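Please look over the following notes alongside the model.

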Amino acid sequence: MISIFQNKKYVALIFFSVLLLDLVIKFYSEVSTLRFITKPFLLLILILFTFFNKHLTYKRNLIYVLVGLILFLFGDIFMLLYKNPLLYSIGVVCFIFGKVFYIFRLVTREEFRLRKLMPYIIFIFIYMVSIFALIYQGLSGIHLYLTIIYFMVALHVVFFSLIRKNSVNRVSYHLVFVGVFFSILSDSLVALQMYYSFNSSFFGLLIMLCYGISQYFFITGFIEEKKLSNE
């Protein structure tokens, strides 16, 4: 088993096979109990993938990723119970802290020039504000505050993924940024579905597909990381 989860090709095959199965189940039944197996199993695959490749990362970074994945795992389970407002809110909190631990993993001590990053940051900020403006009328109570916090944390994920450029190898940088892109897309679609009445089976499938892809590329990027200079 260990050798399977140390092999990137095997992990990719298993992960995307399970993701496809989860999408098929979701297509036929949004509330199928089978999704309590397939959806969390995606995160379990990535947890094992990370753990059995721990020789490729620092212990501190390994802990950040594993804690983040475990939080996303619990978040996924609570999200499946989205019809209960309290459990849905707990799921959002798990996702927020999951992203926070990804930020811890992304942080480097290398110097960077904020001026070069400003166009990207401004673009993402405007994009998130635009999404927030669309869903604002549908937000109330704790959902408003959770959404604001979630968007702010997501913006920090983008920022810290950008400043890795001169600190890590190109493969890791690009893999993580693909993860960031699909994460933003998934988050945006969830917000529109929940609070802007964009609700269809296709929309839900697209959200899950983007979410699965984002998690896979985040973890693969972390595992492929090689430092270009000492921190």
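Which residues does Leu 69 touch, not counting residues up to four places away in sequence?

1. This is a predicted model, in which local features need pLDDT of at least 70, side-chain atom pairs count only at pLDDT 80 or more, and totals for chains, interfaces and linings use all residues. Residues are numbered from 1 along each chain as its sequence is written, and side-chain values use heavy atoms, with hydrogens and water left out.

2. With that separation in sequence, Leu 69 is in contact (heavy atoms within 4.5 Å) with Leu 43, Leu 46, Ile 47, Thr 50, Tyr 102, Gln 215 and Ile 219.

3. Leu 69 is also listed, with Phe 151, Ile 219 and Phe 222, as having the most contacts inside the largest nonpolar core, which has 68 residues; such a core is a set of buried Ala, Val, Leu, Ile, Met, Phe, Trp, Tyr and Cys residues joined through side-chain atoms within 4.5 Å. The helices that each supply at least two residues of this core include α3 and α4 (59–79), while α7 gives the most, with twelve residues. Helices here are DSSP runs (H or I, at least four residues), numbered from the N terminus.

4. Helix α3 (residues 35–51) has a kink of about 30 degrees centred on Phe 41, the bend being the angle between axes fitted to the seven residues ending there and the seven starting there. Its buried residues (under 20% relative accessible area, 1.4 Å probe, protein chains only) include Leu 43, Leu 46, Ile 47 and Thr 50.

Methods
The expected span of a helix is 1.5 Å times one less than its number of residues. Buried means under 20% relative accessible area, exposed over 50%, partly exposed in between (1.4 Å probe, protein chains only).
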